[in-house]
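Please open the structure in your viewer and keep the selection tool at hand.

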Amino acid sequence: MRQAVSKNISFQKKFPGVSVIIPTYNRAAYLKEAIESVLRQTYPPSQLIVVDDGSTDETPTVLSFYKERIKCLYQKNRERGAARNLGIRSSHGEYVAFLDSDDLWLPDHLKMCVSALEMEPDHGVAFSNAYRIDASGKIIAKNAKGVWKGDVLEKIIKKYSSGGCNSSSAVVRKGLFFNEGGQAGFFCEDPALSGSEDWEMWVRLASCTRFLPVDAYTVKLRCHPEQSSQRIEKMERSMTLALDLVFQNKALIPKIKKWKREGYSSLYTIIATNYYGSDDFRRARIFLKRAIFKYPLALFFNKLILYTFFRMLLGKHLVIFIRKLKHV
């Protein structure tokens, strides 16, 4: 037992503290698993903050079980951006790590991400790869590996993507959130941005620091019907608002204005594929046209446009039939 304690102490001396922030709203069914996955980390966080964003379910009962092991904060429902900001302001670690309350970490997540950042002091954001799991926790897919390293601002804008970085995989140097000397600032708290506030934040972080992918699968992202990403029309509005905010940001405009057409073209393409996936071919066609009109060269460089266009040529009934065959 003494050897185990001494090893842990030396590890804590070598690496700085990490404040983990879990925003939650009516996720009592999954919250305990998320908290337990943090408490089982091989590199224990110095602080675990759970921000209850006005839950009306059994969330307070779940949180009461942990007592002094976690720090519980409460606010009226203001969405995840405001909840994460409250957690950041209440944190004391040198690093901040985020975990959505329906997702999970594997035991080495913090150790690998913090180790990577300690070895690359000129990078401010580390992120690992993620599995996708269903509501029961069964792995159903792997996300594509994150390979974007260093200065990723151009790729994030032009492809309307985060390159594999997501809110449950990112570990960030805390100082980057304090808007001094060109830092990123806090999450946008506009409720209409819910579901896309993390992408808008990655843009601002990418404008002032370098990103560092960790080549390991250490996160499990849960897919279930209650997710905001499952509501396509709401996601269309929030994704569009996120890109609008980026191109209205006076500090960012000089750096990104040359990528505006490509950024909006990629956005419209993603929205089109979302509608295609829900069998709303009419709206899918509308947004594909917008994508092409905004940046005609996308026909040659964006494979997703061609893929979606040619699949829709098959017709709705045939596409649904093919999907059923693939499922079987």
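**First stop: helix α8**

Select M235, S238, M239, A242, L243 and V246, which are the buried residues of α8. Viewed down the axis of α8, these buried residues fall within an arc of 135°, so they line one face of the helix. The model shown here is a predicted one.

Now display the whole of helix α8, residues 232-246. The helix has 15 residues and reaches 21 Å from its first C-alpha to its last, close to the 21 Å expected at 1.5 Å a residue.

**Second stop: helix α5**

Move to helix α5, residues 109-119, and select its buried residues: H109, L110, C113, V114, S115, A116 and L117. The cover over these buried residues includes the strands β1 (18-24), β4 (95-98) and β5 (104-105). Also included are β6 (123-133), β8 (170-173) and β9 (210-222).

**Third stop: two backbone angles**

Most residues other than glycine have a negative phi, and most peptide bonds are trans. Select E79, whose phi is near 80°, a positive value in a residue other than glycine. E79 lies in helix α4, residues 79-89, and counts as partly exposed at 24% relative accessibility.

Next, select Y160, where phi is positive as well, near 40°. Y160 is found in the loop between α6 and β8. Is Y160 buried or exposed? Y160 is buried, because its relative accessible area is 7%, and buried means under 20%.

Show the surface and select L297, L299, F300 and F301, which make a nonpolar patch of about 460 Å². F301 belongs to helix α12, residues 298-301, and is exposed, with a relative accessible area of 65%.

**Last stop: the whole chain**

Finally, select the entire chain, which contains 14 helices and nine strands. Of its 328 residues, 51% are buried. Among contacts between residues at least 6 apart in sequence, 75% join residues at least 24 apart. The chain exposes about 16,200 Å², and carbon and sulfur atoms supply 56% of that area.

Conventions:
Residues numbered from 1 in each chain as written. Predicted model: local features only at pLDDT ≥ 70, side-chain atom pairs only at ≥ 80, totals over all residues. Heavy atoms only, no water. Helix = DSSP H or I, 4+ residues; strand = E, 2+ residues; numbered from the N terminus. Expected span 1.5 Å × (residues − 1). Buried < 20%, exposed > 50% of the residue type's maximum accessible area, 1.4 Å probe, protein only. Arc of directions from axis to C-beta. Patch = residues over 30% accessible without salt bridge, like charges linked within 9 Å, V, L, I, M, F, W, Y side chains within 5 Å. Areas by Shrake-Rupley, 256 points an atom, 1.4 Å probe, with all protein chains shown as cover. Salt bridge = Lys/Arg side-chain N within 4 Å of Asp/Glu carboxyl O. Contact = heavy atoms within 4.5 Å.
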